[in-house]
Amino acid sequence: MFSYLVNRVFQAIGVLLVVALLSFVIFNYVGDPINNMVGQEATLEDREELRERLGLNDSVLVQFLRFVGNAAEGEFGISYQFQRKVSDLILERMPATLELVFVSAIIALAAGIGLGVFTGLRRDSWLSRFVLTVSLVGVSLPTFVIGILLIYIFSVSLEWLPSFGRGDTVRIGDWDSGLLTGSGWLAIILPAITLGLFQLTIILRLVRAEMLEVLRTDYIKFARARGLSRRAVNFGHALKNTMVPVITIAGLQIGTLIAFSIITETVFQWPGMGLLFIQGVEFADVPIMGAYLLLAAIAFVAINLVVDLLYAAVDPRLRVSAQRGRGTA
Amino acid sequence: MTGGTTSALLPRTLLDVRDLKVGLPTRRGHLSILNGVDLHVKEGEVLGVVGESGAGKSITGLAVIGLLEPPARIDDGEVWFDGARIDGLSGDALRRIRGARIGVIFQDPLTSLNPLYTIGFQLTETIRTHMDLGADAAEKRAVELLDEVGIPAAASRLGAYPHEFSGGMRQRVVIALALCANPRLIIADEPTTALDVSIQAQIIGVLKRLCREHGTAVMLITHDMGVIAETADRVAVMYAGRVIEDGTVAEVVRNASHPYSHGLMGSIPTIGERVGRLPQIRGAMPRVGAVPVGCAFAPRCPEVRDLCRAERPAMMDGRTTSAACWQYSPRWPDRSGAAGPEAGIGTAGAESAAADG
């Protein structure tokens, strides 16, 4: 198990290095960084001096290694637009995004698995049909339309919930939390639903399909024949067997939540990393874009690592095959 | 082989299935799967249920324990168990009978166990569902059960997962699971079909020994006449959703009353006797939903008369067994001749063999 883990960590580092290279390429070759930094009046000598000072005359390899080294220390350079360190900007914005993602992931997982199990068990009830029909909306409507629709209904027409921002926040150390105030909770409802709706639907449909599949298996029939309670059969035996594919998809989808909270944050003017990224794109603020790219990759890689470990926790057969795989590899 | 169970003690009837009809509503109308099954199992007795695939053996078993897959459902008839009617009980009441008083063994041990749980967990879970035992006592019982079914070093195997066992060992675990709460009856649906021939005998041996020790009755569903001959006290032969013959093993094997059973038994090869081609029964069993009005076997029967095609025969006393065949009714046209069916089916077998050869 341990060497399996080490193996996965090395793979993860490999992936991150490739993404770092991409990020580095964007930074250095999308336009001239010097041009982006200095004003129109800078003389050629000034530019050359800055180029030398920033190390842009060194070989590409040296520059890349320096970039990776800095990135490893959380150093992504200085934002052109805000004239501040990118790392500070991101750290400031990160709590907002992570809280939003956290709340949407909880909504997507809880409602997705709950409704998936329900529609799988009661597949002929009208409520299941209703849920499945509505879930089609979740899959087919683009996020921004859902966001705007929700704002129109709950903010404009009903005036129940705020249409933008985070509400009041409380500062704990370096973390700005909106989850400790009433207005913060009110403000997070609409964006969290908007962000998580697609994931909710995917998980719902997957859990339902898996439940239908598993409920047909012999071991479920045998569990019933053993006289186990309905709850033990449905949740103890059936649901657990649906978990391997669900964990895979849920993991990927949570990664997507982090990386693509951009649209939701824009619609709701949510002061998170996604909004920072969009502002960065508008101003061709390359250091922000590069840093964001790398962060999204880290999020995906970390989640996939956790997913791999969860597989083994859920399914004993994978523990064995992982060991066998190690033996032959 | 038949033992004293039938005559000396006159044991009580444990399971009594009366005129059981199971149907499947479909878009194109109602399909009848079981057309009135009558059978009973006495206490401590092994009843073999034989028949071709699709005769309704497994459906009968599932209907008894209330595990028919919807939309299939019991249309008519009664199921009595231990003096109480159990068809039509609520799901929860039936659940308390399943596993506790009627144990079930399914065909494929490779897929009967949940792959994600240790066998210790699955055993104690079942034990504690039906018996009022603490965790330690349940675990102790689990070890005893595994011991009984012949799993070596049982105590150390509780933490093992199903994939760590061979097929035969898994079927032993399944038997242990069926025996968890000391049931009065075990319904074993093709318990050895998925196993190696060499393992089959062992599993049947285990099942037979345990049921004798515990006085458990068995309804053994199989198409393997060898298993039946070796294990069962009585046999019920099923054809097209009905029991068409019912009698002791010795009588059914050697001296079947119904032309179908007769043909079926004729197809068992005998060691030490030179035979050319084994006799076979012409034609195929009618499909579900296409069963003829009269006797379902009429289209294939060498003895068929107009009466057979017009009216369905009830069970009546045959030579030594009961059979659903008009031959044993006073209404049989050539009653006077009183010729047994064996001459007829013998020629039929020879004819079809010749025709095929």
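In what order do the 4 strands of the open, antiparallel sheet of chain B stand? The order is β2-β1-β4-β5. Helices (H or I, at least four residues) and strands (E, at least two) are DSSP runs, numbered from the N terminus.

The model is predicted: local features need pLDDT of at least 70, side-chain atom pairs count only at pLDDT 80 or more, and totals for chains, interfaces and linings use all residues. Residues are numbered from 1 along each chain as its sequence is written, while chains are lettered from A and ligands numbered from 1 in the order in which they are written.

## The sheets of chain B

Two strands pair if DSSP finds at least two bridges between them. β5(B) is joined to β4 (residues 73–81) of chain B by 2 bridges, and the two run antiparallel. Phe81(B) stands opposite Ala84(B) in β5(B).

Chain B also has an open sheet of 8 strands with mixed pairing. Its order is β6-β7-β8-β3-β9-β10-β12-β11. β6 (102–105) and β11 (316–317) of chain B stand at the edges with a single partner strand each, so one side of each has no neighbour in the sheet. β3 (residues 46–50) and β8 (residues 217–221) of chain B pair in the parallel sense over 4 bridges. Gly48(B) stands opposite Leu220(B) in β8(B).

Two residues are in contact if their C-beta atoms, placed from the backbone, lie within 7 Å. Axes are lines fitted to C-alpha atoms, for helices over the stretch in contact, and angles run from 0 to 180 degrees between N-to-C directions.

| Helix of chain B | Strands it lies across | Angle |
|---|---|---|
| α1 (residues 57–64) | β1 (13–26), β2 and β4 of chain B | about 110 degrees to β1(B) |
| α7 (residues 167–179) | β6 and β7 (185–189) of chain B | about 165 degrees to β6(B) |

## Where the chains meet

Contacts link 23 residues of chain B with 20 residues of chain A. On the chain B side, α2 (91–97), α3 (109–112) and α4 (119–130) each supply at least two residues. α4(B) gives the most, with 4 residues. This side of chain B divides into 10 nonpolar, 8 polar and 5 charged residues. Ala, Val, Leu, Ile, Met, Phe, Trp, Tyr, Cys and Pro count as nonpolar, Asp, Glu, Lys and Arg as charged, and the others, Gly among them, as polar.

## The domains of chain A

Chain A is divided into domain 1 (2–72) and domain 2 (86–328). Such bounds come from an automatic or database domain assignment. The domain centres, taken over C-alpha atoms, are separated by 33 Å. Their contact takes 17 residues from domain 1 of chain A and 14 residues from domain 2 of chain A. On the domain 1 side, α1(A) has the largest share, 12 residues. That side has 12 nonpolar, 4 polar and 1 charged residues.

## A helix pair in chain A

Helices α8 (residues 182–215) and α10 (residues 230–259) of chain A pack at about 160 degrees, with their axes 9 Å apart. That angle makes α8(A) roughly antiparallel to α10(A) (angles under 35 degrees count as roughly parallel, over 145 as roughly antiparallel, 65 to 115 as roughly perpendicular and the rest as oblique). Among the residues in contact are Leu195(A) and Ile202(A) of α8(A), and Ala238(A) and Val246(A) of α10(A). By class, this contact has 14 nonpolar, 4 polar and 1 charged residues.
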